[in-house]
Amino acid sequence: VGAGEVEAIRASFDAWSRAAKVELTFSGTTNRADTGYDPRQGSANENVVRFARTKWEADRATLAVTFTLYETTSGKVISSDIVLNAVNYRWTTTGEAGMEDVQNTVAHEAGHFIGLGHSDVREATMFPSASHGETAKRTLDVDDVDGATALYGVRTDAASVGLASQP
């Protein structure tokens, strides 16, 4: 992952941190190539954003997936990882034609990362689909902000959640 992708990923999470009382902290890059929570590691688990480049196990039409583990009683997120489909899609951070926008897609997946589901509002970042090459959903819609503040409250101070991006 290059510097452009790292900045796009950071910007995606920053949008949610600005919207609600949740702070998502960039913890640097990692060589970790897997996803998931290992209970033996406890708090040492990393939340990662990575590109799947050799094998894609979801539907080939799916741009990205978020895997989240949470406590069913409290809703507290324990672990969350995002995987972008670089097997079937080409990615850009500069709006190149014929490619998928990293920030647009990760902004949507970051919404899942913090616990949001899909929206029925077509302009919302959390709408379940995006047009090929779309960049409009880099910016959160009022519906997105309302969802995040319903979960976390209005931004005044924040709790910390880590983020790592695989190089």
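## The Glu134–Lys137 salt bridge

In this predicted model, Glu134 and Lys137 are joined by a salt bridge in which the closest N and O atoms lie 3.6 Å apart. Glu134 is buried, as is Lys137. This pair belongs to a total of 3 salt bridges in the structure.

## The Arg138–Asp101 salt bridge

A further salt bridge brings together the side chains of Arg138 and Asp101, with an N to O distance of 2.6 Å. The two partners come from distant parts of the chain, 37 residues apart: Arg138 lies in the loop between helix H2 (102–113) and H3, while Asp101 belongs to strand E6 (residues 100–101).

How exposed is Arg138, and on what value does its class rest? Its relative accessibility is 24%, and Arg138 therefore counts as partly exposed. Asp101, by contrast, has a relative accessible area of 2% and is therefore buried, the limit for that class being under 20%.

## The Lys55–Glu57 salt bridge

The side chains of Lys55 and Glu57 also form a salt bridge, at 3.4 Å from N to O. Here both residues, Lys55 and Glu57, are exposed.

## The two ends of helix H3

Helix H3 spans residues 142–152, and Asp141 caps its N-terminal end. The cap is made by a side-chain oxygen of Asp141, placed 2.9 Å from the backbone nitrogen of Asp143.

Which residue takes a positive phi just after H3? That residue is Gly153, whose phi is about 90°.

Conventions. Residues are numbered from 1 along each chain as its sequence is written. This is a predicted model: local features need pLDDT of at least 70, side-chain atom pairs count only at pLDDT 80 or more; totals for chains, interfaces and linings use all residues. Side-chain values use heavy atoms; hydrogens and water are left out. A polar contact is a pair of N or O atoms within 3.5 Å; within protein, one must be able to donate a hydrogen and the other to accept it, and residues adjacent in sequence count only if both atoms are side-chain atoms. Helices (H or I, at least four residues) and strands (E, at least two) are DSSP runs, numbered from the N terminus. A salt bridge is a side-chain nitrogen of Lys or Arg within 4 Å of a carboxyl oxygen of Asp or Glu. Buried means under 20% relative accessible area, exposed over 50%, partly exposed in between (1.4 Å probe, protein chains only).
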